[in-house]
Every structure is written in C-alpha cells, then in structure tokens.
Amino acid sequence: MSWKIIEKYRRILVQEEGNSPKRRGGKLTVCLVYPNRYAVAMSNLGFQAVHALLNAESDILCERAFLPDPDDLREYRRSGTRLLSLESQEPLSSFDIIAFSVSFESDYLNIPVIFDLAGIPALAAERTGSHPLVMGGGAALFLNPEPVADFLDLIVVGEGEAILPVLLDHIRADGIGDRATFLAGVVGLPGIYVPALYAMEYDGACLVSREAKDGAPEQVKRIWMAEPDGRATVSEILTPGTEFSDMYLVEVSRGCGRGCRFCAAGFIYHPYRQRSLDAVKAAVAEGLSHRRKIGLVGAAVSDFREIGELCRHILAEGGTVSVSSLRIDRLDEGMIEVLKASGHKTVALAPEGGSQRIRDLINKNLTEEQILAACDLLIGHDILNLKLYFIIGLPTETMEDLEEMALLVGKIRERVIAAARKNKRLGEIILSVNPFVPKPFTPFQWCGMEDTPSLEKKLKYLQQAVGKLPNVRLIAESPKDAWLQALLSRGDRRFSGFLLRAAELGNWKRAAREFPVDTDLLVHRTIPLDEMLPWDVIASADAERLRREYLKATPPR
C-alpha cells in the first residue's frame with residue numbers, strides 16, 4: 001500500500017467543496033469510475049450527476065476512482081498498490097459494483113489499464129461471483145458500446161436519472177447474488193443491455209448476424225428522462241485544478257433540436273428538452289452561493305427559450321455568465337451585452353462548414369451573411385477575439401469548399417483588424433479545425449472517414465492560406481487521433497482484443513496494425529444501407545429519419 005498515493009488522495013478531498021463521504025455500514029457499495037484523469041472527470045457534469053444521484057440513496061455508498069496521473073501511475077506500479085477509490089482509499093475489488101462512466105470513445109483505451117491496476121480480470125467471462133459486478137453508462141456507451149461490451153456485465157443505455165432507480169430497486173429486492181441469475185433478471189428492465197446474452201458473427205469487416213438469447217430483447221431501447229425538472233444537473237463538487245474550477249455549472253437543456261447531420265447530440269439525446277426557467281433560477285441561486293460565475297451547459301444553450309431573461313437574472317443577482325459557444329443565428333444585442341458584462345473577451349461560434357454548399361449538406365441552416373452579421377455584432381460591441389469551429393473532411397468536400405472557408409475567414413479577419421485599429425488594441429481569430437468522424441445514430445453513420453494523407457493535405461492548405469496571417473491562429477485535431485476515434489466509434493465486439501493488446505503494448509498504433517481485420521477499411525469504408533451495424537443492438541429513436549437524411553445529403557450518383 002502506497003502512503004504517497006493515500007496522502008495525495010486525502011489532500012484532494014480536503015480541497016473539494018460539496019462532497020460529504022459516507023461510511024459503509026451495511027450499504028451497497030459502488031465505485032464510480034471515470035476512465036481518465038481526475039481533472040478531466042471532475043469537469044464532466046454527467047459524471048458528477050451520477051455520483052450525486054447514487055449518494056442521494058440512503059442505503060448506497062458511492063465513491064469515485066480515476067485513471068491515475070502519470071506520476072501516480074508509476075507509484076502504483078512501483079509499490080504494487082491496487083487501484084484505490086478516492087474517498088476511502090479502498091481497493092476497487094472491495095466494492096459490490098464498479099460503474100464506469102464513459103463520455104468519449106478514446107477513453108475506451110484506459111478501461112483495460114484500470115482493470116489491470118485493480119487486479120480484476122478485464123473480460124466479464126473471466127470474472128467470478130467473488131469479483132464486483134461491472135456496469136457502464138455514459139454517452140460513448142449509448143453511441144456504440146460494442147468495443148468494450150466484453151468487459152461489462154451490463155450497460156445502461158440512456159440517461160441515468162431514468163434508468164438507475166429501477167435497476168437499484170431490482171438490486172434491493174433480489175440482490176446481486178449469482179451473477180448469471182442476476183443478469184437474467186435485469187435483462188428485461190428498460191434501458192439495460194447485457195452483452196453476454198447476444199451472440200455475434202462477423203465476416204471480415206462486417207457484422208453478419210446477431211442473436212439475442214434467453215429472453216434478451218432484439219434491440220435495447222434508449223431511455224431518457226421525461227421530466228427535465230425532476231432533478232437538477234449541476235456542479236455537485238467544486239474542486240481546483242479542473243477546467244471549470246472558477247464556475248458553477250448548470251444544465252439548462254438536454255439534446256438539440258437542430259438536427260445537424262454529423263452531430264450525435266441531436267439524435268442520442270432526442271427528444272430535445274428544456275428545463276423550466278424557475279428550475280434553472282433555483283439552481284443558479286444555489287450556484288451563486290459558491291461561485292460568482294455561472295456556466296450554462298447544454299448542446300444548444302442559446303436555444304433555451306428564456307436565455308435572455310436568465311442571463312439578465314444572473315447579472316442582477318451579482319453573477320456573471322459563461323457559455324461554451326453560441327448559435328450564430330441566435331446572437332442579439334442583449335446576449336452580447338451580457339457576455340461583455342461577464343468579462344468575455346472571446347466568443348466561440350460554430351459555422352462548422354466552410355462553404356455554403358457544405359453548410360447546406362450538414363443541415364447547418366446558416367448563410368455567409370448570417371455568419372458575417374454575427375461577427376459584425378460582436379466586433380461592434382468591442383469583442384475582438386473570435387473562436388471559429390470548422391470541420392474538414394465532411395462527405396463530398398472538395399478543395400473548392402476549403403477555398404471558400406479561407407475567403408470567409410479572410411472577410412472576418414478584415415473586420416477584426418479594422419475594429420482593432422479603431423480601438424487601438426489587438427484582436428485575434430482562432431480557427432479550431434477538426435476532421436469529420438462518422439458517429440453512430442447520425443445520418444452520416446454510413447459515411448467513411450476521409451483518409452489521413454488527404455486530411456493532412458487540407459490542413460496544410462489551411463495553414464498556408466490563413467494560419468500564417470497576422471492575428472489568425474489555427475489549432476487542429478490530429479488526423480491520426482481522429483482516425484482512432486473513428487475506429488472506436490465504428491468498432492465491434494472484437495475490439496476488446498485490440499484494447500487489451502493496446503494496454504499491454506502501451507501503443508494503440510501497433511495494436512491496430514496487429515488487429516486481424518483491416519482497420520483502415522473499417523474507418524474509411526462507406527457502409528451499405530442494408531448492412532447490419534454493430535451498434536444496432538441499440539434501437540434508434542427514428543431509424544427511418546436517419547436514412548432519409550442520409551439520402552438527402554448523399555443522393556445516388
């Protein structure tokens with residue numbers, strides 16, 4: 001046992017606000033694991049919400065565990081210490097349930113590492129009743145759970161607020177007991193996926209059959225919280241050293257009603273739901289007792305119907321407002337004044353597509369005139385730093401589309417430079433450019449990802465066209481990292497072997513080269529509409545809509 005790690009964990013706990021650890025005392029014990037580092041996990045509102053939801057139950061104790069920081073990882077290895085929970089510094093193997101909360105596919109790589117550190121077999125088939133029950137949830141797992149399905153006894157498909165109370169009642173009534181008996185008993189519960197009860201067959205890159213056994217449903221329906229005001233989703237624990245340490249986060253809505261064809265949020269969190277203004281104001285009142293800055297959270301914050309009134313209320317109560325990005329067609333004078341009063345020196349906008357053709361293709365519903373008008377509005381209010389999000393490699397994109405993007409950025413830069421000269425201070429444009437990654441349950445799920453050399457050529461063009469201009473800075477996700485994300489987004493159950501090998505080697509690229517199926521083919525191929533998809537074990541909210549939207553965007557040639 002490493003006292004160095006224990007002392008570090010105790011120091012972290014002392015710095016946290018809002019956490020009141022419980023004593024075990026006969027309670028069902030759960031260790032909620034985020035497969036990334038503490039700073040990343042505690043910036044995640046969904047992780048915090050599930051932790052609070054479980055600890056609100058008097059007969060449940062929920063603690064947290066994380067992927068150790070590099071120095072701590074070396075200390076774990078050196079000392080032979082098993083992975084410990086944060087609150088009580090108890091080994092994960094001592095808990096009744098280990099629950100993974102996974103928001104991003106790239107964190108799938110860390111799950112075998114966590115099992116290894118915990119001294120628990122990664123594969124569910126190799127665990128016995130003496131091991132904890134292992135479950136998982138989170139956005140990545142209800143997009144495509146298949147790459148990690150062999151690691152998990154059960155998967156929560158949908159929103160924890162709607163699913164966990166029913167699952168917990170079942171556990172209270174029948175206990176976990178014999179693992180096979182328990183899993184057979186929960187497989188019929190809403191939103192519960194038991195991977196062991198499905199048999200898959202593959203032929204090369206394709207899934208050719210899926211058989212549900214022992215009463216398991218053919219497809220698992222995603223479950224969502226019907227009443228958005230049922231439970232506030234806010235910063236339950238405030239801690240330094242995280243991305244949002246200076247603010248209190250408040251969720252105002254869930255999902256998005258816009259229907260951009262590349263974006264999973266509008267489809268996996270369907271239907272779009274807004275919290276009531278009174279409920280959000282109550283959450284804000286609690287937040288202002290802890291932090292002056294309120295971070296408003298949602299996939300479409302500026303679509304919140306009373307966004308103006310809410311922001312003015314926060315200012316009137318002595319607070320300031322932070323939002324991650326704003327819809328270009330929802331910007332108005334009032335919102336900009338709120339941002340200025342809140343100290344915003346940079347505002348993020350998301351044109352996504354560089355040309356009108358591409359914006360129409362992805363269903364962004366934005367014109368160049370609207371984009372420039374929004375920039376003029378911000379610049380006219382002396383906000384001279386703009387962050388612009390673009391995607392490259394979208395289906396059918398050509399170099400002509402990128403040329404239009406460069407021209408658009410040039411027009412925006414001219415406006416920023418003119419205002420900067422007038423106001424005698426510098427302004428900056430930051431271009432955040434990310435390669436397109438096809439996501440399950442979107443209309444573009446069938447589309448292949450553009451190959452890495454082509455994406456690198458496009459990034460080089462943008463760097464030469466606009467990235468070297470004064471007052472313009474280009475940041476981009478590596479096409480190789482995006483390739484990994486696409487691989488895991490499209491992966492099937494065979495990828496448990498890839499993840500285990502990547503953890504063993506400490507090198508996912510080498511593991512991908514050793515994988516028995518052509519990984520480049522999996523990433524880049526266009527999937528026929530009539531082919532079975534690995535993630536189709538989860539039922540789409542509207543499969544026919546996805547097909548219609550795909551065909552609208554990619555008509556037959």
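Is phenylalanine 66 buried or exposed, and what is its relative accessible area? Phenylalanine 66 is buried, with a relative accessible area of 7%, where buried means under 20%, exposed over 50% and partly exposed in between, computed with a 1.4 Å probe on protein chains only. The structure is a predicted model, in which local features need pLDDT of at least 70 and side-chain atom pairs count only at pLDDT 80 or more, while totals for chains, interfaces and linings use all residues. Residues are numbered from 1 along each chain as its sequence is written, and side-chain values use heavy atoms, with hydrogens and water left out.

**Aromatic rings**

- A search of the whole structure finds 13 aromatic pairs, a pair being two rings of Phe, Tyr or Trp (its six-membered ring) with centres within 6.5 Å, called stacked if the planes are under 30 degrees apart, edge-to-face if over 60 and tilted for the rest.
- The rings of tyrosine 34 and phenylalanine 47 form an edge-to-face pair, because their centres are 5.5 Å apart and their planes stand at 85°.
- This pair links distant parts of the chain, with tyrosine 34 in strand E1 (residues 28-34) and phenylalanine 47 in helix H3 (residues 45-55), 13 residues apart; helices (H or I, at least four residues) and strands (E, at least two) are DSSP runs numbered from the N terminus.
- Tyrosine 38 and phenylalanine 66 are also edge-to-face, at 5.2 Å centre to centre and 85° between the planes.
- Tyrosine 38 lies in helix H2 (residues 38-41) and phenylalanine 66 in strand E2 (residues 60-66), so the pair ties together parts that are 28 residues apart in sequence.
- Ring pairs link Tyr34, Tyr38, Phe47 and Phe66 into a cluster, in which tyrosine 34 and phenylalanine 47 are both buried, and tyrosine 38 counts as buried at 13% relative accessibility.

**Threonine 242**

- Threonine 242 is found in the loop between strand E9 (220-221) and strand E10 (247-251), and at 11% relative accessibility this residue counts as buried.
- Leaving aside neighbours within four places in sequence, threonine 242 is in contact (heavy atoms within 4.5 Å) with Ala39, Met42 and Ser43.
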